[in-house]
Structures are given as structure tokens and as C-alpha cells.
Amino acid sequence: MLDVRKTATGEDIFKALLSASGRVMSLDVTGTMAEMTVLESLAHRRKFETALSLTDGRVAMSSYHPLSDDSWLILVDDTGARADVQASVFLQNQRLNAALENMPHGLCMFDGTKKLILCNSAYSRLYDLPDSLTVPGTPLSSILAFRNSAGNGPAELSSYFDVVVEASLRAGAATTEIKLGDDRTIRISHNPLPGGGYVATHEDITRSVRAAEQIAFMARHDPLTGLCNRTLLREKLEHEMTFSRAKRPLAIACIDLDHFKEVNDTLGHPVGDLLLKAVTERIQRCLRQGDTLARFGGDEFVVLMADMPAHIEAGAVAERIIDTVAQPYELNGHHIEIGVSIGMALSPGDADTSDLLISHADLALYRAKTDGRGIYRFYESEMDAKMQERRALEMELRQAAELGQFEVHYQPEIDICSKALLGFEALVRWRHPERGLILPDNFIPLAEATGLIVGIGEWVLRRVCHDAVVWPEAVKVAVNV
């Protein structure tokens, strides 16, 4: 190693080289290495290499490496080869160096003792290494120590050595993704070298990793509120019911906003979205630490509450949600008041599978909405039977018009004083082949809830018109639409 200051001239460096070689020989200063090239590299403290054409016909290869103490490490390889042969080798080396320097990824090569053989500029830039740490012979531990102090070292340094480096030295090709202290992710591909050591490429894949994480997040979260969606909630629930310690008790609460559709229809979807976000914040304030709130879509939310021992505790949470959500909202200059209905089911008492537990909580929600809204109900076994009966009735109701099971009964309107007939009111009845005559109170609410009321209304209008066309002109008929 020669102590050559950056203020030295090219000729000074040549004389130092000759003196270090132990031989007295002349040197062609104007040959392949011009003084200006040397001075420019010295001024910018860039490492470089060149061929020295000696006057006796030999060619010596030299490489220059800047050190941190303002001196230079100069390596000279006097092979004694002919100038033309060595020039060919030098040209080949230049081409290889150009290929290394133009690689998009960092490349480094270490020997079996974990000392640097070579690295390219991309590797140095990737970790912001000083030139003194890119000199051949630099221990890997020194490079990692610097990176650790700079904040871009492996987040788990010990496992990096044990799993990545040691595995590579044992002749095992491997590709590993390493998390850095600066939150970047680097993909490192190691390949063993003959005789020991390894060559590795380092690629910054932070953007692609974050993009993949964002896609995975979007697949399991609601885009509007950021809450868990149906998929993630089911995964959490199945894990709790299958793998949790001793299958601890839990509760599922299905929450539905009362009259949310009116807000969307009258104030528009932007205000509706703001309302959903505000409701989300309020519900979260009512939950315990560890509870999971999810949005299933529209105005439907679901809460997973683990370690919920009894109905009393679950009911207390439901009451807090109902009272908190019912407080007025001021959004974009609009005063809004809504409420919530809640249905709850507990495990293991009410169900032993995730799908069944959610289904039972949904049945309890239907009961809460039927009983007046703004309240909560727990699942009861009889709800299942009633729901099955409701579904069967719905299927039969869909076929009633096609099968001619509807009838129109006419209720007369009489003038009390004159006793004269003024007209009729048309009333629809359902004559079921097995249940007999079904009154409107028992099927009209179901028809309204399922949308079947539209078709029934059309049928009634046609039937009434058909009947009334033969009545006296003075007789009127009223139809409820």
C-alpha cells in the first residue's frame, strides 16, 4: 500500500510504483495512462485501473482505490506478459467492468472468508457505501456494521448471517427477501463460487412488495371505511372457533342502520358515505380492545367479540352501540338522525360453525327490525323455525299469481243517510290450497319486503278493471296501491 496524496502528479505516482517494485527501469509517461486522466480520477477520488506500458516491453496492470484517510491503495500486477497479450486482457477486463457498472441491480462477490472480491456501483449506491468499503478484501462484517449504523442494514442481522450468508457458503443457491432497517425490501440471489465464496445480486423490490401488500389489503378490507370485509371477518371467526385456546366463548353482532336508504335517496351517496364513516368511528368507540368490526356491504356491519362470556356483557355492548349511533350527525350542513338494529348470537351455545353463527345473528337482527327497530335481540332456536316458515311462504307467494290463488273481495261503501250504494273498496285475499284463506296482514308485509307487492298490485288492478267494466257507471271502486 502506497501513501499517495491526491495532490500528487501522475509522474509522482509512476516513480512511486517503480520504487515499490524494487527494480530500476524506465516508464513511458505518455503511454496508455496519461497524467491528466490520473489527476482527474484523483481529484474526484474515484477508483480506477489502467495498464502501465514499461520500456522493456512488459505490461503491468494497476488498480487505484481511495481510502478514508486521504491516501490511496494501489495494487500492481506485474505479470511479465507481452504488451499485445496484456492489452487484450486489459480490454476484456474493461468490457467486463462496463457490464458490471451498467447492471440495474447490485452485484457483489465474497470469498469463503466473507471478504469482498468485487462489487459494482449499483451495489455501492444501494447501500450508500463509501469507497473505502468497496475495496477488495473488505470484510462483510465491516460493510454490515456501516449499513447498520446508517440505518439500512438487515432488520434481523443475526438471521441474515445465519440463514442467508452461511447457507450460501455451504454451496446452496438461494433467493431471499430481506427487510431493511429503512423499511425497504431487497431480494438477494446467492450462488456459490467454485472453491468457496459466493456471488450475489441485490434488487430493490420495495415498490412491488408494497403494491402486493396493497392488493392483499384491498382484498380483505372495505375500501370506504378501511374495516375488515366479509372475507377477513370469516377468516378471523373460523380461526377463533377452530384454533383459539380452549375455544373461548365469543359473540357475533349483526348491525343494520335504520332508514339509511332514505339518507342516500334524499341527500345523495356522498353524504351517505360520510355517514357510514362517522357511524364506523362511533361503533369502534363502543367496542372493547381486541374486538373486530367489519363492514359486509351497504349499511350492514358485523362485530366479532372474543372472550364474551354471557348475554349480559354482550347486551351491554349492544346498548352502547345503539345509544351512541343514535346521537344526531351534522354532515355537510345536514342534520341527520338514524338508528341501528342489532342481532346477536353466541358461541358455543348458538352454533358451532362460523357460517351458522353469522346466520343465527342475522335471524336475531331480523327479529329486532320486526319488533320495532332501534333495539337488539339475541338468537332463539324458535327463530329458525319461523324463518323456515317465512321462506316457504315466500316461495309459495311467488307462485300464487301464476296459479290463480289470489281473489279480490269487494267491500261496499254505503251512504249512512240515504242508504245508497256509493261504490266498493277492492281487497285482495290469498286462498291457499292447504292453509285456506290468508288475510292481507299475513302476507302483504312479506310481499312488500321481497318486492312481490308490485306484481300483486298489477294483478289486482287488472282484476278490478275487468270486473268493474260491467258495473253501472255511477258505481266507483277504490284500489289500494
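Me: Which residues are buried in α15?

Reply: Good place to start! This is a predicted model, where local features need pLDDT of at least 70, side-chain atom pairs count only at pLDDT 80 or more, and totals for chains, interfaces and linings use all residues. Residues are numbered from 1 along each chain as its sequence is written, and side-chain values use heavy atoms, with hydrogens and water left out. Buried means under 20% relative accessible area, exposed over 50%, and partly exposed in between (1.4 Å probe, protein chains only). In α15, the buried residues are I456, V460, V464 and D467.

Me: Why are they on the same side of α15?

Reply: An α-helix has 3.6 residues a turn, so residues three or four places apart point the same way. Here I456, V460, V464 and D467 are the buried ones in α15, and they cover an arc of only 65° around the axis, which puts them on the same side. The arc is that of the directions from the helix axis to the C-beta atoms. On the other side of α15, V454, R462, C465 and H466 are exposed.

Me: How many residues of strand β9 are buried?

Reply: Helices (H or I, at least four residues) and strands (E, at least two) are DSSP runs, numbered from the N terminus. In β9 (residues 250-258), 9 of 9 residues are buried.

Me: Which strands pair with β9?

Reply: Two strands pair if DSSP finds at least two bridges between them. Strand β11 (residues 300-306) runs antiparallel to β9, joined by 7 bridges, with I255 opposite F301. Strand β14 (residues 339-347) is also antiparallel to β9, over 9 bridges; there, C254 has G343 as its bridge partner.
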